[in-house]
Amino acid sequence: MLELKGLSKHFGGVRAVDGLDLRVTQGEVFGLIGPNGSGKSTVVNLVCGLFPVTAGQVLLRNEDITSLASHVRVACGVTRTFQNIRLFGQLSVWQNLWVAQNAVEHRSEGFLRRWLGGPGRAREEIDRILEFSDLSGKRDELAGNLAFGEQRRLELARAVVAKPALLLLDEPAAGMNAEEIDQLDARIRKLKQDGLTVLLIEHHMELVMAVTDRIAVLNFGQKIAEGTPDEVQTNRLVQEAYLGVAEAA
Amino acid sequence: MDFYLGLAQIVGVHTLLGLSAYCVLLTGQVSLAQAGFFAIGAYVAAMLTVLAGWHILPAIAAASFVAGVVACAVGFPALRVKGLMLVVATLAFGEAVRLFFFNFDYQVARGEVKIGPAGGEGFRQIRFFPEHGWSTLDVLLFIWLFVALVMAALWWMDRSRAGAVLRAVGEDEVAAQSAGINVTAVKVAAMTVGGLIAGLGGGIFAHYTAHIEHAQFGVALATFAIAYPILGGLSSVFGTLIAVIFVQGFLIEGLRFLGDWRNLLFGGLILLAMNVRPRGLIDAATIAGIKRLRIRNREPGNARTQGAE
Amino acid sequence: MSYLDVIDTLQSIADGVLSGATYSLLGIGFTLVFGVMHKINLSYAAASIGAAYASLIVLSVVKAPAIFIFLLAGLSGGIIGGVIYIVCFRFIPQANPLATLMSTVGALLLIDEIIVHATVGIPVPYPALFSDVIVNAGPFTLRGDLMFMFALGCLSMLLLLGLLYRTKLGIATRAVSQQPAAAQLCGISIPRVNGLTFVITGVVGGIAGAMIGAAIGVLSPLLSLPLTTKGLIVTVIGGLGSIPGAIIAGLLVGGFENLFQYFRGVTERDLYVMLLLFAFLVFRPGGIFSPAAGRD
C-alpha cells in the first residue's frame, strides 16, 4: 500500500528524516514510534504532502506521489489527523465533515451539484460517520465549542469521511484518559475491519502494542528496528533509545 | 423624498462593494483591491454606454466580466503573498489602478463636444439614465434588483458546500489542504467572484453618479469595502447589508444634528465596535442563537433542540 | 544622456535618498509592530502626523528653540502610540487579526478627524530647519535641511537598534515576538512589552512626522493616507519584521521616488513606485531581508 524509499527531509543542518525505507502492506495497522524529535511527525507530513521531500520517494499502491500536492493525495486516498487538533472551529461539526467529504464516488455527481447543492446524498454518509464517532448529538455544535475528547473524535472522523485507503494518525491518543483510549482502540480495529490501512504515530505504548500488527522504531530520523510488537519490545536498541519506558503489561 | 431615494441608492451600491469584499474575506484574504475592481467596472461600463452606445445591461455585464478577469489575474500572484503582506499588495494594486485612471485619457469628439475619460478631470456626462428617461425610483429599483440577486446567490452559496469550504480555507489552510481542498483554486475563485461583484457594482455606480474620477476609488473606498463585512460580521451576508445601512445612514443622515462631529464619532464608533464585538455584529454565535430560537418556536420538544443544547 | 543629465539624475537620487530617511523611520514603525505582534497598525502614519501637530501646539506654548520640536514630536508620538495600543490592541483577542486591523482603521479616521477639527481643515506651516543651508560638493548641491533630516534619521535608528539589541526591554521584545507563551513563562508581561513597543514606535513615528513636516513646510491631514501607503510599501520591500530591511528599503524608495519624478513627473511617479513594489512581490516576496522562515 505505502512504500517509502530513501526518504529524507533536512531542515537546514537538521536531518529530521534520514534515508528512511519503509513498507506498509494493505489492511495492516502499522505503528511508528520513537523518542521525541525522532522524526515521526515529519514522516507523516512528508507522506501527506505538507512538506516537500529533500530526497527519496513516497509510493502509494506503487505509484509515485512524491511530487503531488496535498489535496491531490487526499483524492488518491491518503488522509491524516493532526497532533494538535486542527479543526475548523467556526464551522459546525457537520460542516467540518461535509467539507472533507470528497469521496471518489461523489465525483460522479457533477461539479455544480457537489459544490452548490445542499447535503443531499452526502447526508447519510456523514450521519453514519457521526454515529461511528459518537458525535450524532453534536452535529450542529460549533467545532470550537466541543470538549477536548469530542474534538479528538471529530478530528478522526474528518480524516475518515473522505473514504481513504491509507489513514495517518498523528498521536491520536495524546491527552486522552483510559476510557477514551479504549474507545480509540475499538475504533481503529473497526476501521481495520472495514479495510483501511493505518499508519499510527503514538507515544502511548499500551495502545501501540495492543492495536498494531507491526511497528517501526525511529531515532534521529533513522529506522533502528522493525517487527511485530513483541519483537520490538525485546529489542535492545529500542530499549536503549527509550531509556526507561516500561514494557507493556 | 428624493433624498432618501438617493441614500437608498448609495446603500445599494455600497452593499455590492461590501459583498465583493465579503467573498474574499471568507477565505481569509484581506483584500484592499476591491475598490480597484470597482473602478475598473465603473470605467468600462461608462465607456461602453457613452462611447460605444451600448445599453446599460450588457455594459455592466461586460464591466463585471472584465473586472472578474482582472481579479482572477490578481488572485494568482496574491497566493504567493500571505497574510498581512497581501493587505499591502492589494492596497498597492488598488492604488495602481487609481493612478492608471488618473493618467487615462481617451476622448472622442461627438459634434463639437469631447466625451470620455479625461485623466485627472475624470469621466463626465455618463448620462444613460437621464437620456433614457429613468426616474430616480427606476434607478433605485434597478440597483436593488442586482443587490437582491447577488445577496441571494451568496446566501445560497453560504448554505452549500462551497460556503463551508471557503470558510474552512479561511480558518486553517493547512487543515483544509489536508482535508482534500484545493486551496489555491478556492482562493483564486473567491477573488474572481469578488471581482465580478465589484465590477457590477462599479458599473452601476458610474451611471447613477454620472461623473466618475480617480479620487473616488482610493484607499478610503478600499477600506470601506472591507469595513462593511468586518463590522457586520462574516457569518452572514445580512451582516454586510446592516453594516452598510448603519455606516451610510450614520454618516449621511442619522446623526445629522451632530454636524461635523459625525466623522469624529465614526472613527470612535469603529474602535468601540471592534473592542466590544470583535467578530462583528452578526457572528457565528448569534446565528446559532437565532437558529435555536427558530427551532424552539416552531417545534417545542423536538429531539434536535435537545441535541443542540 | 549628457554629462549634465547624469549629474542631475544623481542629484535627484541623492536628494531622494536623504529624504528617504523619513520613509525608513515609518517603515521601521510598521515593521516593528508587525515583528512583535504580527499585526499591522494602519493608524501609524496618521499618528505620526498627529504627533507633529501636537509638537506645534506644545512649541507655541513652551517657546523653546525650534530644534526642540523634534523631541516634542517624539514625546507626543510616544504618548499617542501608547493610547493606540490601549484602544486598538489591548482588549481585542489576539487571535482576531481582522478586528485589530479594523480598529486601527478606526483610530486612523479618528486622528484625521481630530486634526481636521482642531485646524479647521487648513494646512498648518511647520518650521523647516536649515532650509537656507546649502553645501556644494563638486557639481552636486546638498541641501542642509535634507542632510539634517538624514542625520536625525540615522541617529534615531541607531538609538532604536541600541535599545533593541543592548537593553533588557529589547530582549524582552524579541522574546515576545518569537514565542509569546514561553516569554510569559519567563516572567515577561506581554501587554507591557507590547505597549512599550507601541510607545517606542510612536516616538520614532513622531520624529518621522516632524521630519516630514519640516521637509514639506506644511502639515495637512491629507498626508496620512499617502504616507500610510508609502510606509507599508517600504515595510514590505524591506521584509515584514526586519528593521535593517526597513531602513534600506526606505532609502531605496526615497531614491527611486525622486528618480521617477525626475524622469516622468509627479503624476506618474507613484505609479512607478507601485511597479517597484510589484517587482519585489513577484521576484522577492520575502523582501530584502526576509526574517528566517521557521518550521511549519
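Does His38(C) count as buried, exposed or partly exposed, and why? His38(C) counts as partly exposed because 16 C-beta neighbours lie inside 10 Å; a residue is buried with 20 or more other C-beta atoms within 10 Å of its own, exposed with 12 or fewer, and partly exposed in between, the C-beta atoms being placed from the backbone. The structure is a predicted model, in which local features need pLDDT of at least 70, side-chain atom pairs count only at pLDDT 80 or more, and totals for chains, interfaces and linings use all residues. Residues are numbered from 1 along each chain as its sequence is written, and chains are lettered from A and ligands numbered from 1 in the order in which they are written.

His38(C) is placed in the loop between helix 1 and helix 2 (44–62) of chain C, where helices (H or I, at least four residues) and strands (E, at least two) are DSSP runs numbered from the N terminus. Its phi is positive, near 55°, in a residue other than glycine. A positive phi, of about 70°, is also found at Asn62(A), which is not a glycine. Asn62(A) lies in the loop between strand 4 (55–60) and strand 5 (63–64) of chain A. With 7 other C-beta atoms within 10 Å, Asn62(A) is exposed.

In chain C, helix 1 (residues 3–37) packs against helix 5 (residues 144–166) at an angle of about 35°, and the axes are 8 Å apart. Axes are lines fitted to C-alpha atoms, for helices over the stretch in contact, and angles run from 0 to 180 degrees between N-to-C directions. The crossing of these two helices of chain C is left-handed, that is, the near helix is turned anticlockwise from the far one by less than a right angle. Residues of helix 1 of chain C that take part include Leu18(C), Leu25(C) and Ile28(C), and those of helix 5 of chain C include Phe150(C), Met157(C) and Leu160(C). Contact between two residues requires C-beta atoms, placed from the backbone, within 7 Å. The residues of this helix contact divide into 11 nonpolar, 5 polar and 1 charged; Ala, Val, Leu, Ile, Met, Phe, Trp, Tyr, Cys and Pro count as nonpolar, Asp, Glu, Lys and Arg as charged, and the others, Gly among them, as polar.

Elsewhere in chain C, Tyr272(C) belongs to helix 10 (residues 243–283). Tyr272(C) counts as partly exposed, with 18 C-beta neighbours inside 10 Å. Apart from neighbours within four places in sequence, Tyr272(C) is in contact with Phe260(C) and Arg264(C).

Chain B contains 14 helices and 2 strands, and 53% of its 309 residues count as buried. The C-alpha trace of chain B spans about 75 × 45 × 35 Å along its principal axes. Of the contacts in chain B with a separation of 6 or more, 77% are between residues 24 or more positions apart. The mean pLDDT (the predictor's confidence in each residue, from 0 to 100) of chain B is 84, and 91% of the residues score at least 70. Within chain B, confidence is highest in helix 9 (residues 183–209), at a mean of 93, and lowest in helix 14 (residues 303–308), at 42. Where pLDDT is low, the predicted coordinates should not be read in detail.

At the interface of chains A and B, 28 residues of chain A are in contact with 23 residues of chain B.
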